[in-house]
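Let's take a walk through this structure together, one step at a time. Have the sequence and the 3D view ready.

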Amino acid sequence: MEENGLRSSRIWSGVLAFVLWAGTAALGFVAISTVLDTALRVYAAFWGDYGFYGSDYRGALALRNFIVFSLAGLWLAMVVGGGEYHYKKFGQPKSWRLFARTIAVEVSIFVLALFI
Amino acid sequence: MIMNRQMKKWGAIVGPSLEDGAKIMLLMFLSLAVVIFLAHALMAIFHHYPLDYGEAPLVDQAMRLAAGQNIYRPDLSSPPYTISNYPPLYVLSLVPFVGLFGPSFLAGRVISALCGLASAAFLALIVRTYSQDRMAAAVTATLFLAIPYVVGWSPLARVDMLALAFSTAGLYVLARWPTTRRGLLIAVSLLVAAIYTRQSYGLAAPLAVFVWLWTHDRQQALRLAAIVGGTGLGLFLILNALTRGGFFFNVVTANVNEFDIERLERHWRDLRKAIPILLIFGGAFLFLAPRRVKSWSLLIPYLIGATLSALTIGKIGSNVNYLLELCAALSLVAGALVAWSRQRHWLRAVLLILLALQVGQLMQATLKGPVEGLKWRLKPAGALKDLDRLVETADGPVLADEFAGMLTLQNRPLYIQPFEVTQLANAGLWDQDDLLTSIRNREFPLILIHHFMDWPVYKERWTPEMLSAIKHNYEPIRFLAETVVFQPRGVEGSGPTDLEACPGAPWRLPTRGDFGMWWISKRLIFMGEGYENTVPVYAVADGLLKRRSDWDGNVAIQHDDPLRPGEKVWSFYGDMANGQDDESHVVPDFPPGSEGVPVRRGQLLGYQGRRLGVDGGRIWLHLHFAVVPALENGSFPDEMMERVIKGEPLPKGMALEFPLDPSPYLGTVRSQVMGIPTWLPWRCQENVP
């Protein structure tokens, strides 16, 4: 009976890990545009005042391109590398800790966007 | 049993994981806050022109010291009418740079910004010393740098950051080595240095270290009090004797400005809005810390002392620099609470999340406050250069307030610090007659009066007598970087100051435009001098008044058109209201809904307000005046005027005809520039057509 309980717990842990992995991947994808918004708002707060054709606009474009490419790479690394890590360390505290950290980063991005 | 085991297992994972997540969140927020601090500091440091009224006097004092002059003159009976408000250490730190590279704000700003960073580092070291908690130390330092007051003030060439760095360094030394003789001597030197950089630093840090030492070694505490008091007093007596009483006059007498409780309340409201969580932490710490937190005897007196110092922000002319010690104290408290909660995962997670939310709010306030302010200050680069050139070509002493630094940059000594001498004049400690005579004799080729959009600060910087003398003997010729440039009038009374109407004009002037007029697509914005609801607005000619029921601050008057006989024309008077709470400044004789009320030329309609258009923003005191053609049946063109006020496009072909050019009616000068708001001097045309 105890063995059955352990097996059931392991199955639920597996389901939870998969849901967390898929959820963090989806949130991470959405977070790219949120980071972009936040970064451009900070940029605009400092420099964005001189019109559409000014150097500020070109600066913002360069910043956007840099952020999009960097975060796209980071997101791929997170999905593939994270998936592999969770698969290898399944059920271990290290895996849950990585989930917690990933969620923390993503939640932070969304909360930050509420302020900036 | 299995369930219990599972719950424990999950609890053991979730608690630290939550703390871990909260830590990441806070560190992410703080990292961005530090980036904002650095970006702001770099932008400010490398700006060539003055960023604050208080920068120029300090560089000016460094120039005088480098030339071997006394900066603490005991009386102001002859020019220069300047005051050295602070003890000399910061000015002394500028002297080598002024001597080597000439006057500039760069060195002073770099010193201040580095001292801001150093203060953050010392705060972190204090927390680290008693808690050994690196996370708490990092939170303390970065939280301090995230506070908008710190961001805004750190890169200014002002005394405050150097004083704070000395003061926090002194706190650290005594927190680290409380009982050694060497520690005591170093700390005393630092605390005295802080006091001799800015005198208000003689309260919070000395009080904190005294109480801290008292709890460790009472004799050491008494020794500290004796040495700090003795050294401070000894230096004061020496400096005062060397300057023949000038040190006391400049540093004490000239600093006792009037206290305004409303100013204190306004800053308290701003503070509650900007740092609510830190204030709650500070309050909680005062009550809870004595039994729980090891460092309470250092932090609580520091917090109390810093709060008392902050209360002096109610003095007229004071600014957010009075809050810097309080910011340091609250950062220390936050760090202490984070350190105290180290063994309590859930509590620590909650604290860290609350701090992250506070940092989010701080960043928002920083971007809307200091960053936006700096951007506005840097934006009129062309206008600043023009102002610089004007000052450069001025032959003789120039009077200036906010941009007095233009003189300093050109290696010219300041003739006056208007705010300081105005306060002395108000207190009856300075006789302004000689200066007034010089103004009336038009001895100054230029006078620069800065006209902040959000508040008439010039009313605190110039006495009513000075403003009156300037208005009657000088005329505004340019408006550059929010500064009105006055030059001597050619002929006595040639401008509209003394006139009710321009010569030959069919209508009288509706109001005063002491600071000039803006021409915005044939509408005139008269910029009067004074506080809200004090500058009268009059009917330009006989007619019938209308005030729509939804007009807070507007009225319009229908007249027989003096330039197009047989036709009707309307004069429109707008923005006679407060932009904040819709308080109307129209006189009660004309309530909303008035229609066809007869008025006589020169009849009082109301007073200038600060309303900006229909959205209710606030701007300089002004009257929005327009001359509007009547509809065919003689009625007021409501729809068209609404569009004009809202800045919406007019029907094709109408833009040239609506509203009418007011200059033939009033006789005032007109703009040749169409489509772009243009500032014009408040002047009559030589020949009204």
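This is a predicted model: local features need pLDDT of at least 70, side-chain atom pairs count only at pLDDT 80 or more; totals for chains, interfaces and linings use all residues.

Our first stop is a pair of helices in chain B. Helix 15 of chain B covers residues 324-340, and helix 16 of chain B covers residues 345-378. The crossing of helix 15 of chain B past helix 16 of chain B is left-handed. Where do these helices touch? On the side of helix 15 of chain B you will find B:Ala334, B:Leu337 and B:Val338, which meet B:Arg348, B:Leu351, B:Leu352 and B:Leu355 of helix 16 of chain B. Sorted by class, this contact has 6 nonpolar, no polar and 1 charged residues.

Helix 15 of chain B has another partner to look at. Helix 13 of chain B, residues 276-292, packs against helix 15 of chain B at about 55°, with 9 Å between the axes. Helix 13 of chain B and helix 15 of chain B are therefore oblique to each other, and their crossing is left-handed. From helix 13 of chain B, the contact takes in B:Leu278, B:Phe281, B:Gly282, B:Phe285 and B:Arg292; from helix 15 of chain B, it takes in B:Leu330, B:Val333, B:Ala334, B:Leu337 and B:Trp340. Here the classes are 8 nonpolar, 1 polar and 1 charged.

Now let's step inside. In soluble globular proteins, nonpolar side chains tend to be buried together. The largest nonpolar core in this model has 231 residues, and B:Ala33, B:Val333 and B:Val359 have the most contacts inside it. Helix 15 of chain B gives the most to this core, with 14 residues.

Helix 8 (residues 181-195) and helix 10 (residues 218-242) of chain B have axes that come within 10 Å and cross at roughly 40°. Helix 8 of chain B and helix 10 of chain B are therefore oblique to each other, and this crossing is right-handed.

Next, find B:Gln608, in the loop between strand 12 (604-607) and strand 13 (609-612) of chain B. Is B:Gln608 buried or exposed? A residue is buried if 20 or more other C-beta atoms lie within 10 Å of its own; B:Gln608 has 32, so it is buried. Beyond its neighbours within four places in sequence, its contacts include B:Thr511, B:Gly528 and B:His622. B:Glu529 is 79 residues away from B:Gln608 in sequence, yet their C-alpha atoms are 9.6 Å apart in space.

Finally, look at where the two chains meet. There, 22 residues of chain A are in contact with 22 residues of chain B. Helix 1 (2-47) and helix 3 (93-115) of chain A each supply at least two residues of the side of chain A that touches chain B. The largest share of that side, 14 residues, comes from helix 3 of chain A. By class, the residues on this side of chain A are 15 nonpolar, 3 polar and 4 charged.

Methods: Residues are numbered from 1 along each chain as its sequence is written. Chains are lettered from A and ligands numbered from 1 in the order in which they are written. Axes are lines fitted to C-alpha atoms, for helices over the stretch in contact, and angles run from 0 to 180 degrees between N-to-C directions. Helices (H or I, at least four residues) and strands (E, at least two) are DSSP runs, numbered from the N terminus. A crossing is left-handed if the near helix is turned anticlockwise from the far one by less than a right angle, and right-handed if clockwise. Two residues are in contact if their C-beta atoms, placed from the backbone, lie within 7 Å. Ala, Val, Leu, Ile, Met, Phe, Trp, Tyr, Cys and Pro count as nonpolar, Asp, Glu, Lys and Arg as charged, and the others, Gly among them, as polar. A residue is buried if 20 or more other C-beta atoms lie within 10 Å of its own, exposed if 12 or fewer, and partly exposed in between; C-beta atoms are placed from the backbone. A nonpolar core is a set of buried Ala, Val, Leu, Ile, Met, Phe, Trp, Tyr and Cys residues joined through C-beta atoms within 7 Å. Angles under 35 degrees count as roughly parallel, over 145 as roughly antiparallel, 65 to 115 as roughly perpendicular and the rest as oblique.
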